[in-house]
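Subject: A structure for you to look at

Hello,

I am handing over a structure that I have been going through, and I hope you will open it while you read. My notes come after it.

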Amino acid sequence: MLPLDPPGPRPPRRHVPRCPLSAAELAGIDAVEVVTFERSLRLTNRPDPRTLEEAHYSFPFCVALALTAGPDALLPIRPETLGDPATVDLAKRVRLTTDPAYDAAFPGRTPATVRVRTAGRVRELSTPTARGDPGLPLPAEALRHKHRRLAARHGPAVDAALARLLDPTSPVDAHELTQTISRPQEER
């Protein structure tokens, strides 16, 4: 297995919080560093994306959005998050760097490390590949949460059909979900 951290002295390891940061915490961030593989630098990576597509292909925006609004804000990225002042301000402080070990792992894996630096403190989160990839599959509950989150925007009928589909005690009926999604939204 390849090392996840670049060589050299390492700051104390702390995990990036899984919830949005307060305004004071956001203001206290000196920098955010994303260490990844070289090919990812070819993405748009705009700190202030104009479209949802640009947002999806922007490490700075996605990291900033997860820190300002929580990780669920990425499921999916909503149009109203584009141009959010706190997110864009933080995204402008995100720096992308590469690591040769991460380059060697790509394309089989997509490793990354995120470091959030505040006054005298570094919070860090590393992953050997993207969550949901074959090498790091989502746990069943995380997969159910993601499906519920994505289905919720389609209304309660789709959410209910999906819940029945994901319930391990009920017979699988993907046809019900397909039929529900196929109906116009006003009929659900």
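Below is what I found, from the overall layout down to single residues.

Some ground rules come with the file: this is a predicted model, in which local features need pLDDT of at least 70 and side-chain atom pairs count only at pLDDT 80 or more, while totals for chains, interfaces and linings use all residues. Numbering runs from 1 along each chain as its sequence is written, and side-chain values use heavy atoms, with hydrogens and water left out.

**Overall layout**

The protein has 8 helices and 4 strands; helices (H or I, at least four residues) and strands (E, at least two) are DSSP runs, numbered from the N terminus. Along the sequence they come in the pattern α-β-α-α-α-β-α-β-β-α-α-α. Of the 188 residues, 31% count as buried, where buried means under 20% relative accessible area, exposed means over 50% and partly exposed lies in between (1.4 Å probe, protein chains only). Among contacts (heavy atoms within 4.5 Å) with a separation of 6 or more, 61% are between residues 24 or more positions apart.

The buried ones are P60, F61, C62, V63, A64, L65, A66, L67 and T68. What covers them includes α1 (23-27), β1 (29-36), α2 (52-56), α4 (85-91), β2 (94-98) and β3 (112-118). At the start of α3, a side-chain oxygen of S58 comes to within 3.1 Å of the backbone nitrogen of F61. After the helix comes G70, with a positive phi near 95 degrees.

How do α6 and α7 lie relative to each other, and at what angle do they pack? Helix α6 (residues 140-152) and helix α7 (residues 156-166) pack at about 160 degrees with their axes 9 Å apart. Axes here are lines fitted to C-alpha atoms, for helices over the stretch in contact, and angles run from 0 to 180 degrees between N-to-C directions. The two helices are therefore roughly antiparallel (angles under 35 degrees count as roughly parallel, over 145 as roughly antiparallel, 65 to 115 as roughly perpendicular and the rest as oblique). R144, H147, R148 and A151 in α6 meet V158, D159, L162 and L166 in α7.

On to the next pair: the axes of α7 and helix α8 (residues 174-182) cross at roughly 165 degrees and come within 9 Å. That makes α7 roughly antiparallel to α8 as well. A157, V158, A161, L162, R164 and L165 in α7 meet A174, E176, L177, T180 and I181 in α8.

**Loops worth a look**

T129 sits in the loop between β4 (121-127) and α6, and with 3% relative accessibility it counts as buried. Its side chain reaches the backbone nitrogen of T110 at 3.1 Å. Leaving out residues up to four places away in sequence, T129 touches R109, T110, P111, G135 and L136.

The loop between β1 and α2 holds T51 and N45. T51 is partly exposed, with a relative accessible area of 38%, whereas N45 counts as buried at 11%. Phi of N45 is positive, near 50 degrees, in a residue other than glycine. T51 and P79 are 28 residues apart in sequence, and their C-alpha atoms are 7.8 Å apart in space.

Finally, please look at two cis peptide bonds. One runs from L75 to P76, with omega near -20 degrees, and P76 is in the loop between α3 and α4. Another joins F106 and P107, with omega about 10 degrees; P107 is in the loop between α5 (100-105) and β3.

Notes:
Polar contact = N/O pair within 3.5 Å; in protein donor to acceptor, adjacent residues only side chain to side chain.
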